[in-house]
Amino acid sequence: MPVGLVARLVVGGVWLVAGVLKLPDPAESVRAVRAYRLLPEAVVPAVGHLLPVLEVVVGLCLLLGLLTRVSATVSVLMLAAFVVGIASAWARGLSIDCGCFGGGASSTQDAASAYPWDIARDVGLLLLSAWLVWRPRTRWALDRRLLPQEA
Amino acid sequence: MARKRSTATRRAESEAATARAAAIRAEQERRERRRRSLVVTAVGVAVLTLVLVIGYLVQASRDDTGEAATGPRGAVGYALEVGPATAPATVTIVEDPMCPFCGDFENASRGWLSDYAAAGKVRVRFRVISFLDDTSNGTEYSTRAASALAVVLDSSGPRVAKRFHDLLFENQPPEGSDGLSDSRLTGLAVQAGATRSAVEKGIRGRSFESWVNNATDAGTKLEGYQGTPFVQLDGEPFTDYDSVDELSANLRSAVDAASG
C-alpha cells in the first residue's frame, strides 16, 4: 500500500478543510487562539490571521505533493503545537472548544470532554506527517516533476 | 626501448580510467541534482512565503475588530446597565443571544436579578457579544441580535432595551436555526416599547455591527473568560458553579452577602 500517498491525502485534506472553514471569519480565529490563554495578547491577532492561511497552503501542498518534505515538517510543527495547546488547556482546567475546524471559544459546557479525541486525532496526523518528512517521495506528486529523481 | 605492456595490463588500466571517469561523472550528477533540489525548494519556499504574507494581510484587513466605532447612547462601556450605581454589588454578565446556556442562565436568574436591581441591591451589566454567528445558517443571528439591542438602547433608552434583552432570551432560537428574522427582532423591539420607525432601519442595517465586534473582542479578553455565560461579581470572575442553575443560586447568595 502506498503509505506516503495516503498520508499526504489524509493530512493534506484535513489541513485544507480546517483552514477553509476558518477563512471566512478572521475575528473568530483570533478569539479561538486567545481562548487558549497561552500566547501574549500582542501576537494573538497575528497568529489568528495567519494560521488559517498557513493551514490552507500546507494542505494544498500536501495534496499536490509539492515540496512534500518542507510541508510535512511545517505540519509536524503545527500539530505538535496544537497537541501542547490542547493538553495545556486540559491541564489548566480550561473548558474551551479547540477551534480546530472553525468555531472555538464556544459555549459548550462539556467542551473539555473532547480533549482526548482532539489530541488523539492530532497525534495520528502528526505521525503521518512525520512519515512524510522521513519518506517525502510519494506517488502522483508534483515533486516528481520538479525535483530531480534520486539515482 | 619501451617494454611492451601486455594486452591484459592495458585493458585493466583503461577500465580503471573509465571507472574513475564514471565515478567523477556520477559525483557531478549527484551534486547537480542536489543543487537543483535546493534551488527548486528555495524558490518554492519563497513563493509560498509570499502567498502566506498576502493571505495574512488579506485576513488582517478583513477583520475590523478594534477600529473605532460609535456605540449606542446609554451604554456603559460595552454594557446595558440596570440598577443603581450605589448598589453594594455589581454583576457583569457576558452572553451571546444564540448561546443556550445563556438562555438557561437568564431563565434562572432574570426574576431575582430584576427584583434585586429594583430594590437597589445590585447593579447588573449585560454585555451581549456575538461569537456564535456560525450557528445560524449564515444569517449571523448573534451579531444581528446584539446590534438590534444596541439600536434599541440608542433610540429608546435602557428600560426599553432591558425589556428587549429579556424578550431576546425568552424567544431564543435554537442553535443551528436561522435565528429570529430582522422583522421579528423589530416586532420584539416594538413589543418592548420602542417606536417602530425609530428602530426598523437600524435593526435591518445592523447600525452597530462594528461596535458589537469590538464588544465581542473586549468580552473575550476579560480575565477568566472561557465561554458564555461568563459572570463577574465586582469585576472578579465568578466561577463557583457546575451548572447554570447553581451559577444563579450561588450568585444570589454572594449578592445577598454583599448587601448583608
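**Fold of chain B**

Modeller: Read along the sequence, chain B follows the pattern α-β-β-α-β-α-α-α-α-β-β-α, and please keep in mind throughout that this is a predicted model. In total, chain B has seven helices and five strands.

Colleague: Is chain B a compact globule, or more spread out than that?

Modeller: More spread out, because its radius of gyration is 34 Å, well over the 18 Å that the globule rule gives for 260 residues. Taken along the principal axes, the C-alpha atoms of chain B fill a box of roughly 130 × 45 × 30 Å.

Colleague: And what percentage of chain B is buried?

Modeller: Buried residues make up 38% of the 260 residues in chain B. As for the contacts in chain B with a separation of 6 or more, 78% of them are between residues 24 or more positions apart.

Colleague: Let's move to the sheet; what order do the strands of chain B come in?

Modeller: The five strands form an open sheet in the order β1-β3-β2-β4-β5 of chain B, with mixed pairing. The edge strands are β1 (80–82) and β5 of chain B, each of which pairs on one side only. Helix α3(B) packs on this sheet, where it touches β1 and β3 (123–128) of chain B, and its direction makes about 5° with that of β1(B).

Colleague: How many bridges join β2 and β4 of chain B?

Modeller: Four bridges, in the antiparallel sense, between β2 (residues 90–95) and β4 (residues 230–233) of chain B. Within that pairing, T92(B) has Q232(B) in β4(B) as its bridge partner, while I93(B) stands opposite V231(B).

Colleague: What happens between β4 and β5 of chain B?

Modeller: They form a hairpin with two residues between them, and D234(B) in the turn has a positive phi of about 50°. The two strands pair in the antiparallel sense over two bridges, β5(B) covering residues 236–237, and L233(B) stands opposite E236(B).

Colleague: Changing topic to helix α4 of chain B: which of its residues are buried?

Modeller: In α4(B), which spans residues 182–192, the buried ones are L185(B), T186(B), L188(B), A189(B) and A192(B). They lie on the same side of α4(B), because they cover an arc of only 160° around the axis. On the other side of α4(B), S183(B) and Q191(B) are exposed.

Colleague: What covers the buried residues of α4(B)?

Modeller: The cover includes α3 (141–170) and α5 (196–204) of chain B. At the end of the helix, α4(B) is followed by G193(B), whose phi is positive, near 120°.

Colleague: I also noticed E106(B); is that residue buried or exposed?

Modeller: E106(B) counts as buried because it has 23 C-beta neighbours inside 10 Å, where 20 or more is the cut-off. E106(B) is found in helix α2 of chain B, residues 100–118.

Colleague: Last topic, the contact between the chains: how many residues does each chain put in?

Modeller: Chain A gives 30 residues and chain B gives 31 residues. On the side of chain A that touches chain B, α2 (26–35) and α3 (44–64) of chain A each supply at least two residues, and the largest share, seven residues, comes from α2(A).

Colleague: How does that side of chain A divide into nonpolar, polar and charged?

Modeller: The residues of the side of chain A that touches chain B divide into 19 nonpolar, seven polar and four charged.

Terms used
Residues numbered from 1 in each chain as written. Chains lettered and ligands numbered in written order. Predicted model: local features only at pLDDT ≥ 70, side-chain atom pairs only at ≥ 80, totals over all residues. Contact = placed C-beta atoms within 7 Å. Nonpolar A, V, L, I, M, F, W, Y, C, P; charged D, E, K, R; others polar. Buried ≥ 20, exposed ≤ 12 C-beta atoms within 10 Å, placed from the backbone. Arc of directions from axis to C-beta. Pairing = 2+ DSSP bridges. Rg over C-alpha atoms; globule rule 2.2 N^0.38 Å. Axes fitted to C-alpha atoms, helices over the stretch in contact; angles between N-to-C directions.
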